[in-house]
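Please examine the model shown below together with its sequence.

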Amino acid sequence: GGATFLSFLKGDLIILDQDTGEQVLNSGWAHGINERTNQRGDFPADCVYVLPSMTRPQQEIVALVTMTPDQRQESVRVSQIILPETDDRQKPYTLEEFSYDYFRPPPKHTLSRVMVTKNRGKDKMWSCTREPLKLPLLKKVVGHEDLAQEACMAFIDILPT
């Protein structure tokens with residue numbers, strides 16, 4: 001039988017038949033099944049957005065892809081307004097917490113001064129300063145002289161004004 005062309009509307013989810021998205025990108029055509037209509041057929045790849053996913057994407061993800069940038073902005077704004085009222089959501093992992101997990105301990109000379117504050121010896125190594133780094137921030141770089149040097153020099157030319 002001849003190739004059948006798949007008809008679809010904006011927002012439809014098409015499950016690809018091909019093994020990889022790469023085939024879709026290279027051939028310019030794709031074959032799949034429209035979940036809404038249950039029809040199967042070929043369609044031009046540049047008319048769709050390929051969602052790389054092993055499982056069926058959630059409806060919210062599909063909706064985000066079909067929105068205009070303005071609608072997307074509005075949707076994000078709404079979710080930000082709604083989220084703080086829900087108690088069961090996971091607290092975001094902050095840069096401060098990351099610094100306690102992966103940064104080296106603060107230099108000794110600042111410890112005694114900071115001990116008094118409620119931070120209990122945790123200097124604000126994660127916050128921005130005008131002072132250039134003399135030591136790398138990451139624990140795992142500290143022992144390696146060449147990496148340490150590179151880490152300190154990496155951002156030297158973009159100091160805050």
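Ile15 has Ile33 as its bridge partner in S2. Strands, like helices, are DSSP runs numbered from the N terminus, with at least two residues (E) for a strand and at least four (H or I) for a helix. Between S1 and S2 there are three bridges, and the pairing is antiparallel; two strands are taken to pair if DSSP finds at least two bridges between them. The sheet to which these strands belong is open, has three strands in the order S1-S2-S3, and is paired in the antiparallel sense. S1 and S3 are its edge strands, each pairing on one side only. On average, neighbouring strands of this sheet are turned by 50° against each other, with direction ignored; the axes behind this value are lines fitted to C-alpha atoms, for helices over the stretch in contact, and angles run from 0 to 180 degrees between N-to-C directions.

This is a predicted model, in which local features need pLDDT of at least 70 and side-chain atom pairs count only at pLDDT 80 or more, whereas totals for chains, interfaces and linings use all residues. Residues are numbered from 1 along each chain as its sequence is written, and side-chain values use heavy atoms, with hydrogens and water left out.

The chain as a whole contains six helices and three strands, arranged along the sequence in the pattern β-α-β-β-α-α-α-α-α. Of its 161 residues, 17% count as buried, where buried means a relative accessible area under 20%, exposed over 50% and partly exposed in between (1.4 Å probe, protein chains only). The accessible surface of the chain is about 13,000 Å², and 58% of this belongs to carbon and sulfur atoms; the areas come from the Shrake-Rupley method with a 1.4 Å probe, and for residues only the protein chains shown count as cover. Among contacts with a separation of 6 or more, 39% join residues 24 or more positions apart, a contact being heavy atoms within 4.5 Å.

Which charged side chains meet across the sequence? The structure has three salt bridges, each defined by a side-chain nitrogen of Lys or Arg within 4 Å of a carboxyl oxygen of Asp or Glu. In one of them, Arg36 meets Asp12 at 2.8 Å, N to O. Because Arg36 lies in the loop between S2 and S3 and Asp12 in the segment before S1, this pair ties together parts that are 24 residues apart in sequence. Asp12 counts as buried, at 17% relative accessibility.

Arg40 and Asp17 form another salt bridge, at 3.1 Å, N to O. Arg40 belongs to strand S3 and Asp17 to the loop between S1 and helix H1 (21–27), so parts 23 residues apart in sequence are tied together. Both residues count as partly exposed, Arg40 at 47% relative accessibility and Asp17 at 35%.

In the salt bridge of Glu35 with Arg56, the closest N and O atoms are 2.6 Å apart. Glu35 lies in the loop between S2 and S3, and Arg56 in the loop between S3 and helix H2 (59–66), so this pair ties together parts 21 residues apart in sequence. Glu35 is partly exposed at 35% relative accessible area, and Arg56 is also partly exposed, at 46%.

The loop between S2 and S3 also holds Asn38. Asn38 has a phi near 65°, a positive value in a residue other than glycine. Most residues other than glycine have a negative phi. At 59% relative accessibility, Asn38 counts as exposed.

The aromatic residues supply a further set of links. There are five aromatic pairs in the structure; rings of Phe, Tyr and Trp (its six-membered ring) pair if their centres lie within 6.5 Å, and planes under 30 degrees apart count as stacked, over 60 as edge-to-face and the rest as tilted. The pair of Phe5 and Trp29 is tilted because its planes stand at 50°, with the ring centres 5.8 Å apart. Phe5 lies in the segment before strand S1 (14–16) and Trp29 in strand S2 (residues 29–34), so the pair ties together parts that are 24 residues apart in sequence. Phe5 is exposed, with a relative accessible area of 64%, whereas Trp29 is partly exposed at 42%.

Phe98 and Phe103 form an edge-to-face pair, with 5.9 Å from centre to centre and 90° between the planes. Phe98 counts as partly exposed at 29% relative accessibility, while Phe103 counts as buried at 10%.
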